[in-house]
Amino acid sequence: MVIGLLMLSSIPAVTGVAFGVSEQRKSNQRREDARRMVKFNIDAQCSGDTDDDRDVHGRRVVVRDEKVYLDDPNPAKRSHPAFTSLAFYIEYPELDETKHLNRGLGLPTYVQANPPLLNWIYADNDTYELKYGNRTQSVEHLVGPWDWTEDEKSIILEEKSAFVAVEEEEGEWALYFDRDGDELARVLEEQDMLDCAFVPVTLIRQIVEEPPAPKAQSQG
Ligand SMILES: *[C@@H]1O[C@H](CO)[C@@H](O)[C@H](O)[C@H]1NC(C)=O
Ligand SMILES: *[C@@H]1O[C@H](CO)[C@@H](O)[C@H](O)[C@H]1NC(C)=O
């Protein structure tokens, strides 16, 4: 009898605590998700002082023809029409077959405005080119984890800021991920591209302010 009463009275209390903790965790998670979903453009920053460094520094990440390039921030000044990447972070939706990989945050970007279309930015598993595509196109490649540096200012993939701009054609800088830390030597050799100029870049998040919510009409 005594035990029965204790149990009855203790259960709601315990459940109440557990409920409180999980609600708190959920609300923290929601706040963190919202921070991760803040939209940003991505700009290249080069620390070197060669002509190539100066050429690439300040260019903006754009997407066209299933690849990720650096071009002029002003769309009118681009050599090829391209869409300015507008990206954020969200958990990559693994397939049942890839659930065990659990690659964490993906980096979706808008690839067109009308109608709005989101694709995943990924590094090609074989060539290390940065590309974009839907889940079917991206899932077998390096889709994450993407993250930001501790100061939240720049972008990293697999915990590395190892991005390289490669001049594939005169004045056309494509982005690559130096996954092996060999300045892309192996993958560029495999593609017969060792003659191409290349520049290490830091990818800087440029937060794009959300349009302000419509102001409530003031009464009276
Ligand atoms: C993914 O993109 C490819 C190429 O654009 C397309 O053929 C395919 O239908 C898309 N898949 C989904 C699920 O949208
Ligand atoms: C990715 O590349 C590695 C070698 O670099 C290879 O062993 C692996 O099979 C590739 N994975 C896929 C899914 O193509």
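Both faces of strand β13 are covered, with E172, A174 and Y176 buried on one side and W173, L175 and F177 buried on the other. Strands are DSSP runs of E with at least two residues, numbered from the N terminus. Buried means under 20% relative accessible area, exposed over 50%, and partly exposed in between, with a 1.4 Å probe and protein chains only.

The model is predicted: local features need pLDDT of at least 70, side-chain atom pairs count only at pLDDT 80 or more, and totals for chains, interfaces and linings use all residues. Residues are numbered from 1 along each chain as its sequence is written, chains are lettered from A and ligands numbered from 1 in the order in which they are written, and side-chain values use heavy atoms, with hydrogens and water left out.

**Pairing of β13**

Two strands pair if DSSP finds at least two bridges between them. Strand β3 (residues 67-71) pairs with β13 in the antiparallel sense over 2 bridges, and Y69 stands opposite A174. Strand β12 (residues 163-169) also pairs with β13 in the antiparallel sense, over 6 bridges; here A165 stands opposite L175. The hairpin of β12 and β13 has 2 residues between the strands, and G171 takes a positive phi near 75° in this hairpin.

| Residue | Relative accessibility | Class |
|---|---|---|
| T202 | 26% | T202 partly exposed |
| N119 | 10% | N119 buried |
| V208 | 28% | V208 partly exposed |

T202 is located in strand β14 (residues 198-207). Contact means heavy atoms within 4.5 Å. Beyond residues up to four places away in sequence, T202 touches D43, A44, Q45, S154 and S161. The C-alpha atoms of T202 and F163 are 6.6 Å apart in space, although the two residues are 39 residues apart in sequence.

V208 lies in the segment after β14. Its contacts, leaving aside neighbours within four places in sequence, are K39, F40, N41 and L86. V208 and V38 are 170 residues apart along the chain, with their C-alpha atoms separated by 7.8 Å.

N119 belongs to strand β8 (residues 117-123). Not counting residues up to four places away in sequence, N119 touches L107, P108, T109, V111, Y132, G133 and N134. N119 counts as buried because its relative accessibility is 10%.

Key:
Helices (H or I, at least four residues) and strands (E, at least two) are DSSP runs, numbered from the N terminus.
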